[in-house]
Amino acid sequence: WLQRGTILFGIAILIVFAGGSSYWQKFFHTQTAMPFIILGFALPVYLIQGVDRGALQGQLKFGRLAGSYQAEMWTRLLASLVLVGLGLSVNGAVLAIGLSFIATWFIARKVGDWAVLRGNLSVEEKRVIAAFAGPVILAYAGQILISNSDIIVVKRFFSPQVAGQYAALALIGRTSPFGLRCVSLNG
């Protein structure tokens with residue numbers, strides 16, 4: 001039930017990103033619409049693998065869950081290096097992100113024990129799940145917007161050079177508090 005709902009929501013996101021790619025290209029002043037098309041096809045997979053990761057977490061299969069995060073990180077890193085190195089630039093970086101979602105889904109899907117989860121849910125169980133999932137989805141979307149809205153605004157209203165410099169500084173700024181926490185925890 002949750003997989004079906006996620007797939008339908010993913011299709012809606014695909015339509016918004018890929019279908020509206022020419023709008024997004026103009027809005028964000030990018031050279032091509034291709035990054036939005038790639039992202040449009042990748043985001044539904046991201047949502048589906050999130051359900052699979054949730055199943056792993058619910059089944060207390062934390063080793064396998066950690067393996068899915070490792071697959072995501074290594075696929076993203078290595079694919080980015082290769083694709084950007086081959087000259088695919090932004091399209092290569094976005095494609096690497098999409099490939100990392102697929103790798104994660106493949107790992108999480110392969111290792112999830114869905115036999116326990118395949119029973120039919122009652123209307124009441126579906127209502128309880130939806131009542132829990134709604135606020136969680138809103139909180140997660142809010143966190144994403146809070147974390148990235150500054151970069152989105154800068155990309156929209158500033159030159160590519162200034163936007164790139166800002167994005168680099170913002171990334172360093174986001175890692176600094178984490179690094180400081182690690183240093184303070186270690187002595």
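Student: What should I keep in mind about the values?

Tutor: Because the model is predicted, local features need pLDDT of at least 70 and side-chain atom pairs count only at pLDDT 80 or more, while totals for chains, interfaces and linings use all residues. Residues are numbered from 1 along each chain as its sequence is written, and side-chain values use heavy atoms, with hydrogens and water left out.

Student: What makes W24 and F27 an edge-to-face pair?

Tutor: Rings of Phe, Tyr and Trp (its six-membered ring) pair if their centres lie within 6.5 Å, with planes under 30 degrees apart counted as stacked, over 60 as edge-to-face and the rest as tilted. By this rule there are 8 aromatic pairs; in the one formed by W24 and F27, the centres are 6.4 Å apart and the planes stand at 90°, so the pair is edge-to-face.

Student: How do you know whether F28 and W24 are buried or partly exposed?

Tutor: Buried means under 20% relative accessible area, exposed over 50%, and partly exposed in between (1.4 Å probe, protein chains only). F28, at 13%, is therefore buried, whereas W24, at 22%, counts as partly exposed.

Student: Why is the charge of R156 said to sit over the ring of F27?

Tutor: The term requires NZ of Lys or CZ of Arg within 6 Å of the ring centre and within 35 degrees of the ring normal; the charged end of R156 sits over the ring of F27, 4.4 Å from its centre.
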